[in-house]
Amino acid sequence: MSAVGLRTGYEANFSETVGIRVYLSAITSFQFAGSVKSGSVPGLDMYLLGDIDADVLINFIREEDFKFGMYVGLLTGVISSIPLKDASIMGVGIGQDSKSSFGVATGVNIGLRSVVRKHHDFEIGMKLGAALYNDSSATFGAFMLLAAGYNYKF
């Protein structure tokens with residue numbers, strides 16, 4: 001699975017050790033694997049997650065040009081699953097009746113981060129959550145996103 005995303009927000013530091021950030025995040029990912037949405041057979045699915053996040057920032061190492069610490073927080077937003085291409089065997093389509101799903105999501109963020117020269121923020125972390133899809137019948141799901149990223153801080 002591969003993913004790409006963008007985010008924008010605000011960060012405030014209460015001390016050299018503790019801060020918070022609030023941001024909007026948009027992530028899209030592609031998965032080539034069996035899933036409920038593609039009829040439990042291999043197919044290419046696209047997932048979209050748009051969320052608002054609030055994280056607490058804790059710095060363990062605080063130098064003039066370098067900080068290292070962790071973040072933990074909450075997220076809430078919307079999630080969509082879109083089957084792009086179902087697999088076929090010998091030219092016969094499988095799961096062609098797959099439909100897009102839309103739902104609400106909530107979860108947690110946790111990860112490690114380092115800030116270099118006050119503007120360059122490098123992170124590795126995880127979004128872990130649950131979703132309630134609004135299909136023909138309500139469907140529960142779960143998601144986990146492991147990601148590494150770079151943020152430029154103005």
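Biologist: How many helices and how many strands does the secondary structure of the protein chain come to?

Modeller: The protein chain has 0 helices and 9 strands. Helices (H or I, at least four residues) and strands (E, at least two residues) are DSSP runs, numbered from the N terminus. This is a predicted model, in which local features need pLDDT of at least 70 and side-chain atom pairs count only at pLDDT 80 or more, while totals for chains, interfaces and linings use all residues. Residues are numbered from 1 along each chain as its sequence is written, and side-chain values use heavy atoms, with hydrogens and water left out.

Biologist: What pattern does the chain follow along the sequence?

Modeller: The pattern is β-β-β-β-β-β-β-β-β.

Biologist: And how much of the protein chain counts as buried?

Modeller: Of its 154 residues, 35% are buried. Buried means under 20% relative accessible area, exposed means over 50%, and partly exposed lies in between (1.4 Å probe, protein chains only).

Biologist: What share of the contacts with a separation of 6 or more comes from residues 24 or more positions apart?

Modeller: Such residues account for 58% of those contacts. A contact means heavy atoms within 4.5 Å.

Biologist: Which residues make up the largest nonpolar core?

Modeller: The largest core has 7 residues: Leu 49, Leu 75, Ile 79, Ala 105, Ala 131, Tyr 133 and Phe 143. Strand 4 (66–86) and strand 8 (120–134) each contribute at least two residues to this core. A nonpolar core is a set of buried Ala, Val, Leu, Ile, Met, Phe, Trp, Tyr and Cys residues joined through side-chain atoms within 4.5 Å. In soluble globular proteins, nonpolar side chains tend to be buried together.

Biologist: What does Ala 131 touch, not counting residues up to four places away in sequence?

Modeller: With those residues left out, Ala 131 touches Ile 79, Val 104, Ala 105, Thr 139, Phe 140 and Gly 141.

Biologist: A change of topic: how many aromatic pairs does the structure hold?

Modeller: There are 2 aromatic pairs. Rings of Phe, Tyr and Trp (its six-membered ring) pair if their centres lie within 6.5 Å; planes under 30 degrees apart count as stacked, over 60 as edge-to-face and the rest as tilted.

Biologist: Why does the pair of Phe 122 and Tyr 150 count as tilted?

Modeller: The pair is tilted because its planes stand at 50°, with the ring centres 5.2 Å apart. Phe 122 in strand 8 and Tyr 150 in strand 9 (residues 138–152) are 28 residues apart, so the pair links distant parts of the chain. Phe 122 is partly exposed at 40%, and Tyr 150 is partly exposed at 42%.

Biologist: What kind of aromatic pair do Tyr 152 and Phe 154 form?

Modeller: Tyr 152 and Phe 154 form an edge-to-face pair, 5.2 Å centre to centre with 80° between the planes. Tyr 152 is partly exposed at 42%, whereas Phe 154 is exposed at 92%.

Biologist: Over which ring does the charged end of Arg 7 sit?

Modeller: The charged end of Arg 7 sits over the ring of Tyr 23, 4.5 Å from the ring centre. Likewise, the charged end of Arg 21 sits over the ring of Tyr 71, 4.6 Å from its centre. A charge sits over a ring if NZ of Lys or CZ of Arg is within 6 Å of the ring centre and within 35 degrees of the ring normal.

Biologist: Where is Arg 117 found?

Modeller: Arg 117 is in the loop between strand 7 (101–116) and strand 8, and Lys 118 is found in that loop too. Arg 117 has a positive phi of about 55°, and Lys 118 has a positive phi of about 65°; neither is a glycine. Most residues other than glycine have a negative phi. Arg 117 is exposed at 59%, as is Lys 118 at 61%.
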